[in-house]
Amino acid sequence: MTAPASSAEIASPPRATPLRRFLRAFASSHLAMAGLVAFAAIVLAALLAPWISPQNPYDLMQLDILDGRLPPGAVSGTGMTFWLGTDDQGRDMLSAILYGLRISLVVGISSALLAAAVGTTLGLFAAYAGGRIETALMRLVDLQLSFPTILIALMILAFLGKGIANVVLALVIVEWAVYARTARASALIESRKEYIEAARAMGARPMRILLRHLLPNCLPPLMVIATVQIARAIALEATLSFLGLGVPVTEPSLGMLIANGYQYMLSGKFWISFYPGLALLATVVAINLIGDHLRDVLNPRRQVD
C-alpha cells in the first residue's frame with residue numbers, strides 16, 4: 001500500500017518543464033506567433049514551389065517573349081493566367097517569387113548557420129584560451145566589424161564571381177565576427193561561475209568544458225543573434241543580387257527579380273518589382289518578429305512563472 005500524499009504535494013501542481021515554459025512564454029505574444037505562422041507559410045510555399053508553381057521560371061522552353069510585361073490577371077495565348085503578371089522575359093511572377101524564395105532562404109539560413117559555427121567556435125576558444133590568442137582574435141573581430149558589411153561582400157564577390165556558393169561564402173566571411181564577439185562575451189561570464197571551476201577541479205579536459213558546459217549556457221544569446229542574422233543575410237543577398245553581384249541571372253532570387261523590374265517602375269509596370277519586394281519584406285519582417293520576441297523570452301532577467 002502506498003503512503004497517502006501530503007497536503008503540500010496535493011496543493012502544489014507539477015512544475016512545468018523548461019521547454020514548456022519556453023513555449024508558453026513564446027506563445028504569449030500575438031506578434032511573435034503571427035511572425036512564426038507567416039515564416040512557416042513562406043518556407044512551406046518555397047519547399048512546395050515545384051509542385052504549386054504554375055510555371056518553372058528556370059525552364060527557358062516554358063517562356064514566351066510575347067508574354068512579357070503582362071499585367072496581373074492577364075491570360076496568355078495558351079490559356080494560362082498570370083495572377084501577378086509577368087516580367088520582361090515572359091516569366092510568371094508568382095512562379096518566379098516562389099522559386100526566388102527558395103534561393104533566398106537557402107542562402108540566408110545556410111550562411112547564418114555556417115557563420116554561427118565558425119564565429120561561436122572562435123569566440124569560445126578565445127574566451128577559454130585568453131592571453132595573446134584572445135587579444136589577436138578579438139582585434140581581428142574589431143577590424144572586421146570596422147568595415148561596412150556591404151563593402152566587404154562586394155569586394156569578395158568581385159573577386160570570386162557570381163554563384164550561390166560564392167554568395168554564401170561571402171556572407172559567412174562578413175557575419176562570423178558578430179557570433180565570435182557574442183560567444184566570447186557570454187563565455188567570459190560563464191567561465192567565472194562555480195560549475196566551471198568545479199569541472200576544472202575534477203580534471204575535465206578543456207574540450208569537454210567547452211562543449212558540455214560553456215557552449216550550452218552560451219546558446220540563448222547566440223540563438224537570438226542567429227535569428228536576426230538570417231533576416232540580415234536574406235536582405236544582404238537581395239542587395240548583392242540587385243547590384244548584379246549575387247546569384248546568376250538563370251536562377252534569380254528576390255533581389256534579382258526586383259532588379260529586373262526596376263527600369264520599368266516609372267512606366268507603370270510596377271508589378272515586376274513590387275511583388276518580389278513585398279515577398280522579401282514579408283520574409284524579413286516575419287523573421288525579425290520571431291527574433292525580437294525570442295530575445296525577450298531568453299532574457300535571463302525575465303521571470304517566467
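1. Helix H9 (residues 194-201) packs against helix H10 (residues 206-242) at an angle of about 175°, and the two axes lie 11 Å apart. Angles over 145 degrees count as roughly antiparallel, so H9 is roughly antiparallel to H10. On the H9 side the contact uses Tyr195, Ile196, Ala199 and Arg200, and H10 brings Ile209, His213, Leu214 and Asn217. Sorted by class, that contact has five nonpolar, two polar and one charged residues.

2. Next, have a look at H11 and H12. Helix H11 (residues 254-262) meets helix H12 (residues 271-297) at an angle of about 155°, with 7 Å between their axes. That angle makes this pair roughly antiparallel as well, and H11 goes past H12 in a left-handed crossing. H11 supplies Leu254, Leu257, Ile258, Asn260, Gly261 and Tyr262, while from H12 come Ile272, Ser273, Pro276, Gly277, Ala279 and Leu280. What does the contact of H11 with H12 look like by class? There are eight nonpolar residues, four polar ones and no charged ones.

3. Helix H5 covers residues 93-129, which is 37 residues, and spans 53 Å from its first C-alpha to its last.

4. Now for confidence. The chain has a mean pLDDT of 85, with 90% of its residues at 70 or more. Which elements of the chain have the lowest and the highest mean pLDDT? Helix H1 (residues 7-11) is the lowest at 46, and helix H4 (residues 49-52) is the highest at 93.

5. One caution about residues 6-14: pLDDT stays under 50 there, and the model gives that stretch one contact beyond four places in sequence. Where pLDDT is low, predicted coordinates should not be read in detail.

Note on methods
Residues numbered from 1 in each chain as written. Predicted model: local features only at pLDDT ≥ 70, side-chain atom pairs only at ≥ 80, totals over all residues. Heavy atoms only, no water. Helix = DSSP H or I, 4+ residues; strand = E, 2+ residues; numbered from the N terminus. Expected span 1.5 Å × (residues − 1). Axes fitted to C-alpha atoms, helices over the stretch in contact; angles between N-to-C directions. Parallel < 35°, antiparallel > 145°, perpendicular 65-115°, else oblique. Left-handed = near helix turned anticlockwise from the far one by under 90°. Contact = heavy atoms within 4.5 Å. Nonpolar A, V, L, I, M, F, W, Y, C, P; charged D, E, K, R; others polar. pLDDT = per-residue confidence, 0-100.
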